[in-house]
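The sequence and structure are shown first.

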Amino acid sequence: MIQSPGQSVGVTTFLTVLALLAIVLRFCARRLKKVGLGWDDYTIVLAMLFTIASAVCIYVGAVDGDLARHVELDAQGNAVWTHRDVVFLEINFAQQLSTTLTFGLTKLSVLLFYKRVFRGDTFNTAVWTMISMIGVWSVAFFFANLLQCYPIWYNWEASGAQANSCIQTNTMYLAQAWTDVLTDIIILSLPIPCIWALQMPARHKIGVTAIFLLGLLTVLSGIAKLIVFYHIIALADGGDFDITWYETPAVVWTFVESALGIVGACLPLLRPLFTGTSTRGFMRNLRSVAIRTITGAEEPKSPEGSTTAVGSGSGSSGKKSGKTAVESGSNSLGVQSGSENTDTLKSWDEKDYDYNSHCALNTHGHLDQKKVTADKIGSSVDIGERGSSGERHGDENV
């Protein structure tokens, strides 16, 4: 529980830096894998801007308002309404608007990421349905918060609490909080069936699923916010007038959910930075990104005749003397000349997953388009970039 303005500012600063760091690392990973930015990247940046606006609201509330402070009392024990209380209500109102936009944009960013990575009629229908729902949700609750009292200045004037010009704000807040948590759960669960239908070892499926489910931190913070809302409503119904004190946790927890949502949306894209098993490998990847950003140099390409494992950090498939052999029937795709099989999801930001009745893996590497039978999931696996040649002959390996 936040007990002081200093704690509010400290938590806000830490989470703001954490969210910014997640976005910076996201762009570093994209640069490392030489993948262009997509709509999901632009959307998460916009969500970060609104999160920064929410942080500014908390800073103003702590410095110039009564955030995390008790309402002043006169000699008779009656509440005294001051300028600092008005500032608190103003920043509370502004934060409601900014966090609503942050929630909506973060959800849209995750869905656009799914749309870019996973393919298939069934999955696309589910994603577009959720995109439509989140779009409607964001617009509806933004204007519900904006126009909860009319004129708008009733939201921060003392008379607004007594005016008949406000909607049932408690009902609106709870409806927004509940639907926020429920949509987060639905969005997080969308890729799980696809991941578990892929042909890969169970431990790899668990690892990939765990990375996607790190977004549950957002769900947990949303649940904490719900609990705080119910506590505030109980205090308000009991006649407690110390709103600047008991509403502060709602302000802070709303911001916590905003920042953690951005971190959770970025985490699935950071794996290319952690392909090394040590801190040294992570720093080597970051240095590679920094050097290429400054000099504009590209990584050297593998010479003709060399062999590279499918699913390696470069996203390339193997080549040897102009002839490529891809074998199926194991939990990962292998290449001739003794190469060990590697995890086909080592860098999933360069791969597309087809999700219909089964999931088929389409890897964008440096080979011409070929198909390999994947008996375990009853579908085909497309390997390579959509290139110029390469034909499939029956059920034989190409």
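## Nonpolar cores

The largest nonpolar core has 63 residues, of which Leu111, Tyr114, Phe118, Ile187, Phe212 and Ile262 touch the most other members. A nonpolar core is a set of buried Ala, Val, Leu, Ile, Met, Phe, Trp, Tyr and Cys residues joined through side-chain atoms within 4.5 Å; buried means under 20% relative accessible area, with a 1.4 Å probe and protein chains only. Helix H3 (residues 83-117) supplies the largest share of this core, 12 residues. Apart from this core lies another, of 6 residues, including Leu25, Leu32, Leu270 and Leu273.

Beyond residues up to four places away in sequence, Ile187 touches Lys107, Val110, Leu111, Tyr114, Met130 and Ile134. Contact means heavy atoms within 4.5 Å.

## Asp184

Asp184 belongs to helix H5 (residues 169-189). Asp184 counts as buried because its relative accessibility is 11%. When neighbours within four places in sequence are left aside, its contacts are Lys107, Thr218, Val219 and Glu257.

## Overall make-up

The protein contains 11 helices and 7 strands, taken as DSSP runs (helices H or I, at least four residues; strands E, at least two) numbered from the N terminus. Of its 398 residues, 49% are buried. Among contacts with a separation of 6 or more, 65% are between residues 24 or more positions apart.

## Basis of the values

Residues are numbered from 1 along each chain as its sequence is written, and side-chain values use heavy atoms, leaving out hydrogens and water. In this predicted model, local features need pLDDT of at least 70 and side-chain atom pairs count only at pLDDT 80 or more, whereas totals for chains, interfaces and linings use all residues.

Notes. Buried means under 20% relative accessible area, exposed over 50%, partly exposed in between (1.4 Å probe, protein chains only).
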